[in-house]
Amino acid sequence: MAFSVVSTPAHFHLPKKLTFRIRCCAASSVSTRSKSTRFDLKTYWTTLIADINSKLNEAVPVRYPELIYESMRYSVLADGAKRASPVMCVAACELFGGDRLAAFPTACALEMVHAASLIHDDLPCMDDDPSRRGQPSNHTIYGEDMAILAGDALFPLGFQHIVSNTPSNLVPEARLLRVITEIARTVGSTGMAAGQFLDLEGGPNAVEFVQEKKFGEMGECSAVCGGLLAGAEDEEVDRLRRYGRAVGVLYQVVDDILEEKKKNGKDENEKKKKKGKSYVKVYGVEKALEVAERLRAQAKLELDGFEKYGDGVVPLHSFVDYAVDRSFTL
């Protein structure tokens, strides 16, 4: 349900329509935005992936009953995971001067929640996907019963990990409570679960709600949790909320455009699945491009409110640019 990252093939480029008009803005905003194009996001991202992978490996050891833990680890430590949610959480924390050591437990919890949601989404009764990132889905390997249990176990493990591992000298208890509340809201009946419900049962008019809940919610939660850990003011948290939601949906919209372009009109004779509410499928590529343009502009606008933090906002700007141009492969 969270925002994802699909690699752009070397021979493929997004249509020119995905270049954006430059609006009038302050000189400092222009300077920061231009720095984002020179920022080494790939090194920043891959370094954090290595750190997060190591911490996730420690956080989900194999213990009794072994099969459940093996199933949990299969999805949490899956090859090809880009750790977008944890990386955004760390970047938002660092924006406000927070230590990434304070963010790592929450970052790992976000990945656990992400993995759990994907395990459940892939089930035959949901999106009916036999594979994930080119590998068999959890239920394909471990069976539907074990996949459900693995997902069920990962959700509370994430909360436990935050409480047990966040350094108390870096994050006051009150901030931790806000973080836990934010994650609980995100995965609950008014958040990602609502998006999955309408993806299964809602009509085509539900596409905006589905996209915001299934993909925007996790982006929003990731950015907000990072800010909360570092003590961001309420107005700043609101900006992060709007930014993260826009970026989460933007990633998915561009993913859908790329997938449609790769198909190139060919009938791939794929098994029809229950999933399907995307801007591309409902309205077509041209409308999806317009949505992507609006989301990118919205995300950048929210970041303009963080100019006083100088270069600290550059990683968050870079995420927006990467969502569209996919300039490297992780």
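Biologist: Where does threonine 186 lie?
Modeller: Threonine 186 lies in helix 8, where helices are DSSP runs of H or I with at least four residues, strands are runs of E with at least two, and both are numbered from the N terminus. This is a predicted model, in which local features need pLDDT of at least 70 and side-chain atom pairs count only at pLDDT 80 or more, while totals for chains, interfaces and linings use all residues. Residues are numbered from 1 along each chain as its sequence is written, and side-chain values use heavy atoms, with hydrogens and water left out.

Biologist: Is threonine 186 buried or exposed?
Modeller: Threonine 186 is buried, because its relative accessible area is 0%; buried means under 20%, exposed over 50%, and partly exposed in between, with a 1.4 Å probe and protein chains only.

Biologist: And what is threonine 186 in contact with, leaving aside neighbours within four places in sequence?
Modeller: With those neighbours set aside, threonine 186 is in contact with Gly191, Met192, Glu217, Met218 and Cys221, contact being heavy atoms within 4.5 Å.

Biologist: New topic, the core. How many residues has the largest nonpolar core?
Modeller: The largest nonpolar core has 88 residues, and those with the most contacts inside it are Trp45, Leu154, Tyr243, Val253, Leu316 and Phe319. A nonpolar core is a set of buried Ala, Val, Leu, Ile, Met, Phe, Trp, Tyr and Cys residues joined through side-chain atoms within 4.5 Å. In soluble globular proteins, nonpolar side chains tend to be buried together.

Biologist: What about tryptophan 45, where is its place?
Modeller: Tryptophan 45 has its place in helix 2 (residues 41-59), and at 1% relative accessibility it counts as buried. Tryptophan 45 and phenylalanine 319 are 274 residues apart in sequence, yet their C-alpha atoms are 9.8 Å apart in space.

Biologist: And leucine 154, what is in contact with it beyond four places in sequence?
Modeller: Leucine 154 is in contact with Met72, Val76, Met112, Ala115, Ala116 and Ile119 once its neighbours within four places are left aside.

Biologist: Tyr243 is in helix 11, so which residues of helix 14 does helix 11 meet?
Modeller: Leu240, Tyr243, Val247, Leu250, Tyr251 and Val254 in helix 11 meet Leu316, Phe319, Val320, Tyr322, Ala323 and Val324 in helix 14. The axes of helix 11 and helix 14 come within 9 Å and cross at roughly 20°, and these helices are therefore roughly parallel to each other.

Biologist: How do the axes of helix 11 and helix 13 cross?
Modeller: The axes of helix 11 (residues 234-263) and helix 13 (residues 285-303) come within 8 Å and cross at roughly 150°, and the two helices are therefore roughly antiparallel. Among the residues making the contact are Tyr243 and Val253 of helix 11 and Leu289 and Leu295 of helix 13.

Biologist: Now the backbone. Which residues does a cis peptide bond join?
Modeller: A cis peptide bond joins tyrosine 64 and proline 65, with omega about -5°, and proline 65 is in the loop between helix 2 and helix 3 (66-76).

Biologist: What about phi of arginine 133 and of arginine 326?
Modeller: Arginine 133 has a positive phi of about 55° although it is not a glycine, and it is found in the loop between strand 1 (131-132) and strand 2 (135-136). At 36% relative accessibility, arginine 133 counts as partly exposed. Phi of arginine 326 is near 45°, also positive, but arginine 326 is buried, with a relative accessible area of 4%, and lies in the segment after helix 14 (314-325).

Conventions. Axes fitted to C-alpha atoms, helices over the stretch in contact; angles between N-to-C directions. Parallel < 35°, antiparallel > 145°, perpendicular 65-115°, else oblique.
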